[in-house]
Amino acid sequence: MRIEEHPIISFKRGKIVSFFFNGQEYKGYEGETIAAALHAAGVKVLSRSHKLKRPRGFFCAIGNCSSCLMKVNGVYNVRTCVTPLQEGDVVEMQEGRGEILAQN
Amino acid sequence: MKSLRKTELAVIGGGPAGLSSAITAMRQGAEVTLIDRDPVLGGQLIKQTHMFFGSKDQFASIRGIDIPSELIKALEEGPGKVKVELGTTVIGYYDDGVILMEKDNRATTLLPQRIIVATGAAEKMLPFPGNDLPGVYGAGAVQTLMNVYGIKPGKRVLMVGAGNIGLIVSYQLLQAGVEVVAIIEAAPHIGGYLVHASKVRRAGVPIYTSCSIKEAFGRESVEGAVICRLDENWQPLPGTEKTLELDVICLAVGLSPLTELLWQAGCKHKYVPELGGYVPVRNEKMQTSIPYIYVAGDAAGVEEASSAMIEGKLAGLFAAASLGYDHDLESLAATYRKELEELRSGEAGSKIRQGLAKLIGGVSVAS
């Protein structure tokens, strides 16, 4: 899903890093957002609605809509569409609203 | 207790409007703090690969992605110094004028004498069954994926909305090697500029007017959409449904001003559909109903980056003047107003002119 050739833009990508999503290892570029890296890897479902458990994906990409809230390195409700990817990140789909007190 | 941090002018938002505000106020002599929640300045310009219209002062023929570096250069050139706080979200406004900010999970406060709110706008949603499925994106998100990160949003796209954003993003999808199945538009006419529409049509993308999306379907993400024709009352015409197989539905159905801080501060708002919904009431100095709060750009009414930059200059100019830095005020204001008037002239600007007439009571179309 990566764009390799573009008539106008030359993409300056960071170094390749490994991260984990639901226990599985993925590769992405350092500095791109976690949600972008997941999207490039073909992961479309980032969270589930609280009541009906309907799938939720990438939507606004500016940290505004809450569709991409995930658990990252133990912290719940991280806006993955504006959070840069770092080597070794452990990303998980969270259940419901997550636990605020677990964040310390 | 630590003493409260102070600044003469806080500009909230580092997009085209905020950057222009900060530069103008700094040049006039004000001490400015520019705050943005992103790690980089430029706002949504960083994903706009198309060339701008207007005149040289408005960066005509320059691509949006190349404008932030020009503005940042001007910001750094001085003569004054602008304090830039990035990765910092303004999350609250207090009655005594103090703003609350969050950075790296820590809260800080700042007491500005004047505030310019240039917080931009957010994508509008469209109600239809299945609109919550992964694969339904705002047009801005598609631009970010493609033009900032170099990632295709999917394989086959239905573009909803034939305004400038819908047309431009469709063309950008083609440039990225993604198929655009169709552009649909509920209105009977294409809303965007003819030059953009012709470009996508020449590339073989059909544009259907009086046409809307009835539903999106798919299990874990979008697998297709049903579109249908609309009658003259914008109601679905039975029997005209058509099912399309695709994995991306891109919504380009307009933007709403991001005005949370202005509401919280108690600024008066008015519902003006032509400007994107509820917009802050303000005068021709870009001053809201609370005299020390100014507004510029999409937060003041959804328009274009070109006009946002000029509104930013006006807000910066008048906010600085109210602090006593009123060098060349009248002539600069006249120049900026003339630029705005030119941008908003003609057929393309008629919606904005109507909206502004409702908002400012027809004081002046250029205000």
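Predicted model: local features only at pLDDT ≥ 70, side-chain atom pairs only at ≥ 80, totals over all residues.
Q: In what order do the 5 strands of the open sheet in chain A stand, and which are its edge strands?
A: The pairing in this open sheet of chain A is mixed, and the order is S2-S1-S7-S5-S6. The twist averages 40° from one strand to the next. An edge strand pairs on one side only, and in chain A this holds for strand S2 (24-29) and strand S6 (75-79).

Q: Which residue of S7(A) is the bridge partner of Phe20(A)?
A: Strand S1 (residues 16-21) of chain A and strand S7 (residues 90-92) of chain A run parallel and are joined by 2 bridges. Within S7(A), the partner of Phe20(A) is Val90(A).

Q: Is Ala36(A) buried or exposed?
A: Ala36(A) belongs to helix H1 (residues 34-40) of chain A. A residue is classed as buried when 20 or more other C-beta atoms lie within 10 Å of its own. Because Ala36(A) has 25 C-beta neighbours inside 10 Å, it counts as buried.

Q: Which residues are in contact with Ala36(A), leaving aside its neighbours within four places in sequence?
A: Within chain A, Ala36(A) and Pro84(A) are 48 residues apart in sequence and 9.2 Å apart in space, C-alpha to C-alpha. With neighbours within four places in sequence set aside, the contacts of Ala36(A) are Leu145(B), Tyr149(B) and Ile151(B).

Q: Which element gives the most to the side of chain B that touches chain A?
A: The contact between the chains takes 24 residues from chain B and 24 residues from chain A. On the side of chain B, at least two residues each come from strand S7 (121-123), strand S8 (136-138) and helix H3 (139-148). By class, this side of chain B has 10 nonpolar, 10 polar and 4 charged residues. The element that gives the most, with 6 residues, is H3(B).

Q: What distance separates the centres of domain 1 and domain 2 of chain B?
A: The domain assignment divides chain B into domain 1 (6-122 + 255-360) and domain 2 (125-251). Their contact takes 6 residues from domain 1 of chain B and 8 residues from domain 2 of chain B. The side of domain 1 that touches domain 2 has 2 nonpolar, 3 polar and 1 charged. Taken over C-alpha atoms, the separation of the two centres is 30 Å.

Q: Why do the buried residues of H9(B) line one face of the helix?
A: In helix H9 (residues 350-360) of chain B, the buried residues are Ile352(B), Gly355(B), Leu356(B) and Leu359(B). An α-helix has 3.6 residues a turn, so residues three or four places apart point the same way. What covers the buried residues of H9(B) includes strand S17 (269-272) and strand S18 (277-280) of chain B. These buried residues line one face because, seen down the axis of H9(B), they fall within an arc of 95°.

Q: Which residue of S2(B) is the bridge partner of Ala10(B)?
A: Strand S1 (residues 6-12) of chain B and S2(B) run parallel, joined by 4 bridges. Strand S2 (residues 32-35) of chain B is covered on both faces, with Val32(B) and Leu34(B) buried on one side and Thr33(B) and Ile35(B) buried on the other. The partner of Ala10(B) in S2(B) is Thr33(B).

Q: Where does Pro79(B) lie?
A: The peptide bond from Gly78(B) to Pro79(B) is cis, with omega near 20°. Pro79(B) lies in the loop between helix H2 (67-77) and strand S3 (82-85) of chain B.

Q: Is Asp104(B) buried or exposed?
A: Asp104(B) is not a glycine, yet has a positive phi of about 50°. The loop that holds Asp104(B) runs between strand S5 (99-103) and strand S6 (106-117) of chain B. Because Asp104(B) has 6 C-beta neighbours inside 10 Å, it counts as exposed.

Technical notes:
Residues numbered from 1 in each chain as written. Chains lettered and ligands numbered in written order. Pairing = 2+ DSSP bridges. Axes fitted to C-alpha atoms, helices over the stretch in contact; angles between N-to-C directions. Buried ≥ 20, exposed ≤ 12 C-beta atoms within 10 Å, placed from the backbone. Arc of directions from axis to C-beta. Contact = placed C-beta atoms within 7 Å. Nonpolar A, V, L, I, M, F, W, Y, C, P; charged D, E, K, R; others polar. Domains from an automatic or database assignment.
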